[in-house]
Amino acid sequence: WLRRNGGYSRQPVPHDQATGSVSPAHANPRQYQQQQQPLPPSQAYEPQQQQQQAVAPRPPLESPIDYPIERIPLSKIKPQFRRQLVRYNGPEHPGTIVVDTRKRFLYLVRGNGEALRFGVGVGRDGFRWQGEAYVGRKARWPRWTPPAEMVARDPQAAPWANGMPGGPDNPLGARALYLYDMTGRDTLYRIHGTNDPSSIGKAMSSGCIRMLNEDVIDLYELVEMIGYGGM
């Protein structure tokens with residue numbers, strides 16, 4: 001599927017530029033902390049403060065419809081932000097996601113000194129994610145529930161305090177990978193699609209990592225999910 005986006009390029013990637021990583025499924029989280037019992041679904045999937053504000057039935061976690069997507073012409077994406085195979089000299093295991101928020105790149109480590117590189121949009125100053133996490137859940141056309149802090153500061157988010165149904169107008173796009181910290185708790189950060197392809201390569205989100213819908217759909221299929229206690 002890589003070749004449909006054009007030829008490969010091979011460029012060295014200094015490892016010290018990476019600012020965040022998501023470990024692969026075969027990593028052992030017990031090296032960080034004792035395995036914990038899974039959180040109840042309501043706590044694992046949504047911020048607790050949102051449960052207290054519920055005033056109407058919530059949309060489902062995923063849309064029952066797998067909507068078709070409109071592929072973005074490559075001419076509208078800067079060459080450096082197009083999906084490509086590159087050299088990668090970091091120490092991460094194959095299957096690890098590495099996010100370089102400064103250069104707006106996401107790498108999926110393949111091994112043998114190579115990685116798939118995707119252009120992404122990242123959080124603006126003061127909202128960028130940094131650290132290490134695990135993919136604890138994946139969703140197709142997911143519901144978006146803005147955190148209470150976003151509802152308070154953003155008038156456009158306020159109408160969706162109880163959840164926006166998944167679909168083409170949803171800011172999470174076609175797929176979402178939910179990032180959990182080393183204790184198994186939701187960080188509230190996501191790697192997700194976007195209905196605004198012009199945001200790729202920019203720092204304008206509230207901290208999540210945005211990808212083109214066609215890219216996040218492929219990443220969704222390539223990345224294995226890891227959970228605590230089978231969550």
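Does Arg83 count as buried or exposed, and what is its relative accessibility? At 4% relative accessibility, Arg83 counts as buried, where buried means under 20% relative accessible area, exposed means over 50%, and partly exposed lies in between (1.4 Å probe, protein chains only).

## The model and its conventions

This is a predicted model, in which local features need pLDDT of at least 70 and side-chain atom pairs count only at pLDDT 80 or more, whereas totals for chains, interfaces and linings use all residues. Residues are numbered from 1 along each chain as its sequence is written, and side-chain values use heavy atoms, with hydrogens and water left out.

## The chain as a whole

The chain holds 4 helices and 11 strands, these being DSSP runs numbered from the N terminus (helices H or I, at least four residues; strands E, at least two). Of its 231 residues, 49% count as buried.

Among the contacts in the chain with a separation of 6 or more, 72% are between residues 24 or more positions apart, a contact being heavy atoms within 4.5 Å. The accessible surface comes to about 11500 Å², and carbon and sulfur atoms hold 49% of that surface; these areas come from the Shrake-Rupley method with a 1.4 Å probe, and for residues only the protein chains shown count as cover.

The chain has 5 salt bridges, each defined as a side-chain nitrogen of Lys or Arg within 4 Å of a carboxyl oxygen of Asp or Glu. One of them joins the side chains of Arg83 and Asp215, with an N to O distance of 2.8 Å. Because Arg83 lies in the loop between α2 and β2 while Asp215 belongs to helix α4 (residues 213–222), this pair ties together parts that are 132 residues apart in sequence. Asp215 counts as buried, at 2% relative accessibility.

Arg83 also forms a salt bridge with Asp218, and here the closest N and O atoms are 2.6 Å apart. Asp218 is in helix α4 and Arg83 in the loop between α2 and β2, so the pair ties together parts that are 135 residues apart in sequence. Asp218 is buried as well, with a relative accessible area of 13%.

## Asp66 and Arg175

In another salt bridge, Asp66 pairs with Arg175, the closest N and O atoms being 3.6 Å apart. The pair links distant parts of the chain, 109 residues apart, with Asp66 in the loop between α2 (48–52) and β2 (84–87) and Arg175 in strand β8 (residues 175–180). Asp66 is partly exposed, with a relative accessible area of 40%, whereas Arg175 is buried, with a value of 5%. Salt bridges that share partners join Asp66, Arg140 and Arg175 into one network.
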